[in-house]
Amino acid sequence: TNFGFKYVPESMKEKLVGQVFTNVASKYDVMNDAMSLGIHRLWKDYFIRTMAPGPGTKLLDVAGGTGDITMGFLNYCKEIHGDTSAQVTLLDINPKMLDVGRERFNKTPYNQTSQIQFEIGNAENLSTISSNSFDVYTIAFGIRNCTHIDRVLSEAYRVLRPGGRFMCLEFGKVQNPIISSIYNLYSFQIIPVLGQVIAADRDSYQYLVESIQRFPSQDKFTEMIKDTGFTVIDKGWEDLTFGIAAIHSGFKL
Ligand code: SAM
């Protein structure tokens with residue numbers, strides 16, 4: 001089958017990704033719930049609990065989009081430590097996604113604080129962010145959309161302070177053959193239809209499914225993280241829901 005996007009050249013990927021997220025921005029949150037049956041919320045909660053940020057943590061949330069990770073982080077700091085000194089910079093390449101994010105935070109108490117800053121920027125070249133300036137760097141379901149993963153990783157390494165932690169939440173490869181065939185069926189047959197029905201945009205969700213297929217396996221991605229200079233603990237990642245998603249983490253030591 002020709003899935004339409006399979007042969008997009010590298011030079012056009014950034015443009016395509018830009019169109020995809022501009023198209024889906026207003027429906028993005030609803031679609032996440034629909035496609036994952038709400039499970040992405042559990043993954044994100046678990047991601048924040050794995051991070052377990054201490055009081056005053058400075059987070060750079062790259063490809064932060066509509067702000068799920070930023071929101072989870074600030075809520076965690078407040079609920080667990082009563083901490084309102086933690087700070088986040090939410091960075092995304094797409095102004096439409098950032099607009100949806102800003103609007104969402106406008107309706108929360110965080111709006112009146114200086115805890116959040118929004119920034120437009122490219123994960124591959126964080127030109128506005130100084131070196132050694134953050135405690136934690138997160139990228140959730142974002143690195144898959146970037147053209148050069150190695151550049152994203154080396155920028156992450158640069159902006160983290162020594163001792164800082166890189167954390168990535170991303171789709172992975174499912175090892176179990178039975179689960180894998182069900183998952184593939186769901187991905188290729190159901191998700192584009194959901195995209196069509198809910199967001200009137202089949203192509204963007206076709207892109208989503210393909211980008212998941214093309215992203216490296218957990219062990220290959222871990223090798224890239226290590227090659228950047230990060231130190232990983234144990235095998236370097238944790239599978240979520242049979243490996244449909246995974247948390248990768250590394251320290252700048
Ligand atoms: N982190 C959010 C979450 O988990 O809900 C948003 C994830 S969304 C699937 C992917 C985001 O990556 C989009 O908002 C998109 O604009 C952004 N993005 C894509 N390429 C990027 C790049 N090169 N630099 C920064 N952000 C990028």
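This is a predicted model: local features need pLDDT of at least 70, side-chain atom pairs count only at pLDDT 80 or more; totals for chains, interfaces and linings use all residues.

Mentor: The charged end of K58 sits over the ring of F134, at 4.8 Å from the centre of that ring.

Residues are numbered from 1 along each chain as its sequence is written, and side-chain values use heavy atoms, with hydrogens and water left out.

Y157 also belongs to a cluster that ring pairs form with Y137, F166 and F230. Nine aromatic pairs are found in the structure. Rings of Phe, Tyr and Trp (its six-membered ring) pair if their centres lie within 6.5 Å; planes under 30 degrees apart are stacked, over 60 edge-to-face, and the rest tilted.

Helices (H or I, at least four residues) and strands (E, at least two) are DSSP runs, numbered from the N terminus.

Several residues of α4 are buried: D68, I69, T70, M71, G72, F73, L74, Y76 and C77. Buried stands for under 20% relative accessible area, exposed for over 50%, and partly exposed for anything in between (1.4 Å probe, protein chains only). An α-helix has 3.6 residues a turn, so residues three or four places apart point the same way.

T70 is in α4, and it counts as buried because its relative accessibility is 0%. Leaving out residues up to four places away in sequence, T70 touches D61, V88, L90, F105 and I116; contact means heavy atoms within 4.5 Å. Just after α4, G82 has a positive phi of about 60°.

P53 connects this helix to another stretch of the chain. The place of P53 is the loop between α3 and β1 (58–62). Its relative accessible area is 3%, so P53 is buried. Beyond its neighbours within four places in sequence, P53 is in contact with I48, F73, Y76, C77 and H81. P53 and V136 are 83 residues apart along the chain, yet 8.5 Å separates their C-alpha atoms.

A52 lies in that loop between α3 and β1 and is partly exposed, because its relative accessible area is 40%. Most residues other than glycine have a negative phi, and most peptide bonds are trans. A52 is not a glycine but has a positive phi of about 45°. F141, also not a glycine, has a positive phi of about 50°; F141 is in the loop between β4 (134–140) and α6 (149–159) and, at a relative accessible area of 12%, is buried.

In helix α3 (residues 39–51) is L42, which is exposed because its relative accessible area is 56%.

As for disulfides, meaning pairs of cysteine sulfur atoms within 2.5 Å, the count is zero. C146 is in none, and the nearest cysteine sulfur to it, that of C168, is 9.7 Å away. C146 is buried because its relative accessibility is 13%, and C168 is buried because its value is 0%.

Last, the chain as a whole. There are nine helices and seven strands. Its radius of gyration is 17 Å, close to the 18 Å of the globule rule for 253 residues, so the chain is as compact as a globular protein of that length. That radius is taken over C-alpha atoms, and the rule is 2.2 Å times the number of residues to the power 0.38. Of the 253 residues, 51% are buried. Among contacts with a separation of 6 or more, 76% join residues 24 or more positions apart.

Technical notes:
A charge sits over a ring if NZ of Lys or CZ of Arg is within 6 Å of the ring centre and within 35 degrees of the ring normal.
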